[in-house]
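Subject: A structure for you to look at

Hi there,

Here is the structure I promised to pass on to you. Please open it next to this email and follow along as you read.

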Amino acid sequence: MKKVDDQEMAELVEEVLDDPAENLLADQVVELTNDLQRTRADFENYRKQVEAQKTQAMAVAKYSTVDKFLPLLDDIDRAIAAYDKQLSPLQKSLDKTLKSLGLTKIDSKNGTEFNPDFHEAISVEDEGGDVELISETLRPGYLYDGSVVRVAMVKVKKTKKA
């Protein structure tokens, strides 16, 4: 098939426009070309939407899996607390594995400042201060890929600034 350059194309279009019967044909070609372009754009939008839905479904599935895994982590933490000497190697391995999966514990050690975005206060002991510090962690909280999966359940103590 012969390749047509821009000048030849312009001459062919001019010839078609001079003939009324071919002018109708040119209008149909333009209309069909526009329809094709709209169809292509619609398909591209559909493809992007399906890809976004697929990504969202995968994220929801991962989040759900992690959420169901948290009670097991709580049990492992309790076992490690009860048998610290025997299970300390397990704790290191567990922490490394969780980090590689994007799951990290929220810092809720004693003396850490209370943050309602990461901590849920179950009780507050007021010692006449304005600084809220964590006095005890009842249940650890977790972040998954930087988002809160579960807030830490803590006891809070209001103390004066040091």
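A word on the ground rules first. This is a predicted model, in which local features need pLDDT of at least 70 and side-chain atom pairs count only at pLDDT 80 or more, while totals for chains, interfaces and linings use all residues. Residues are numbered from 1 along each chain as its sequence is written, and side-chain values use heavy atoms, with hydrogens and water left out.

**The whole chain**

The predictor's confidence in each residue is called pLDDT and runs from 0 to 100. Its mean over the chain is 87, and 88% of the residues reach 70 or more.

You will find three helices and six strands. Both kinds are DSSP runs numbered from the N terminus: helices are H or I with at least four residues, strands are E with at least two. Along the sequence the pattern reads α-α-α-β-β-β-β-β-β.

Of the 162 residues, 19% count as buried; that means under 20% relative accessible area, with exposed being over 50% and partly exposed in between (1.4 Å probe, protein chains only).

**A sheet of three strands**

Next, look for the open sheet with the order E1-E4-E5 and antiparallel pairing. Its edge strands are E1 (103-105) and E5 (147-150), each of which pairs on one side only. In general, strands of a sheet pair through backbone hydrogen bonds, either parallel or antiparallel. Here, two strands count as paired if DSSP finds at least two bridges between them. E1 and strand E4 (residues 142-144) pair in the antiparallel sense over three bridges, and Lys105 stands opposite Tyr142 in E4.

Finally, is Gln91 buried or exposed? Gln91 lies in helix H3 (residues 84-101) and is buried, because its relative accessible area is 19%. Its side chain joins that of Asp95 in a polar contact of 2.8 Å. Such a contact is a pair of N or O atoms within 3.5 Å; within protein, one must be able to donate a hydrogen and the other to accept it, and residues adjacent in sequence count only if both atoms are side-chain atoms. Leaving aside residues up to four places away in sequence, Gln91 touches Asp77 and Ile80, where contact means heavy atoms within 4.5 Å.

Enjoy exploring!

Best wishes
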